[in-house]
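This briefing concerns the pairing of charged side chains. Side chains of opposite charge can pair when their charged atoms come close.

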Amino acid sequence: MTRQLLILAVFFVAVQSMGVPTGDCNEVPQCPHGFDKFSTRSNGPWCMKVIPGNMTWWEAERECRCTTRGGHLSGIETSTEKRWVEQRGQELLDAKKILNGAIWIGAYRRKECPSGSQSSNSVCHDESLFQFTDQHTCKTFIFQNWASSQPTNNAGDDCAAILVSTESSGANMEASGKTTAKNCLQTTGSTPMLPVGYVCGVKPTQPDHSYGNGNSGYGSGYGGGNGGQVFIIGAGKPGGK
């Protein structure tokens, strides 16, 4: 009897030392500060933020990962998201006092469809020529909405972006909000549609989750320093810098 009481006492102390769970199990997952939530996606809620910066696609992916845990360049799934990116991009243009630019998104050309050459692969047509890299976006709406003469097949035009413009008329205004294929490393040149920012995306989490100190992802990583390569599972990758 004494032995049983001793065992019961030890068990009681052990349970007490574990403490009482805190927090509300029914709390709604939240986006990190400055991100907007989109709740109607095929794979569940998703958080996005358009972040300013003239950089390569690689640098944008790295910045998103390093500053937001679990973050990646984001794909665009609906017309609502596309319009949101365009509006945020236009706000960046106004802040920079320029009229035109491009916003990197998380999509690049399939490895079966290399740029600079013709492919007979049946998958290599406008709607499936590119694929998303964030492991979350599903629908191909954005690839049904290419700008005029896009997607190009120039060597190196392996990354996707959304064009933005605040012009009141003309070709650039017509192209605003539409998808374009761009050279992943281009940040300068004569084209008016140079990168002015990128869309960072991440899944919402419980309110006490820390989004800082990124460098996490789907079994992926990057080389340190400027121009380090990004390796993404599930798709062909554009040429590194």
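A salt bridge is a side-chain nitrogen of Lys or Arg within 4 Å of a carboxyl oxygen of Asp or Glu. The model is predicted: local features need pLDDT of at least 70 and side-chain atom pairs count only at pLDDT 80 or more, while totals for chains, interfaces and linings use all residues. Residues are numbered from 1 along each chain as its sequence is written, and side-chain values use heavy atoms, with hydrogens and water left out. The search of the whole structure finds 6 salt bridges.

- Arginine 65 and glutamate 61 form a salt bridge at 2.6 Å, N to O.
- Both residues lie in helix α2 (residues 57-67), 4 residues apart, about one turn of the helix; helices (H or I, at least four residues) and strands (E, at least two) are DSSP runs, numbered from the N terminus.
- Arginine 65 is buried at 1% relative accessibility, and glutamate 61 is buried at 0% (buried means under 20% relative accessible area, exposed over 50%, partly exposed in between; 1.4 Å probe, protein chains only).

**Between distant parts of the chain**
- Glutamate 81 and arginine 41 meet in a salt bridge of 2.9 Å, N to O.
- Glutamate 81 lies in helix α3 and arginine 41 in the loop between β1 and β2 (46-52), so the pair ties together parts 40 residues apart in sequence.
- Glutamate 81 is buried, with a relative accessible area of 2%, and arginine 41 is buried at 5%.
- Aspartate 36 forms a salt bridge with arginine 88, with the closest N and O atoms 3.1 Å apart.
- That pair links strand β1 (residues 36-38), which holds aspartate 36, to helix α3 (residues 79-96), which holds arginine 88, across 52 residues.
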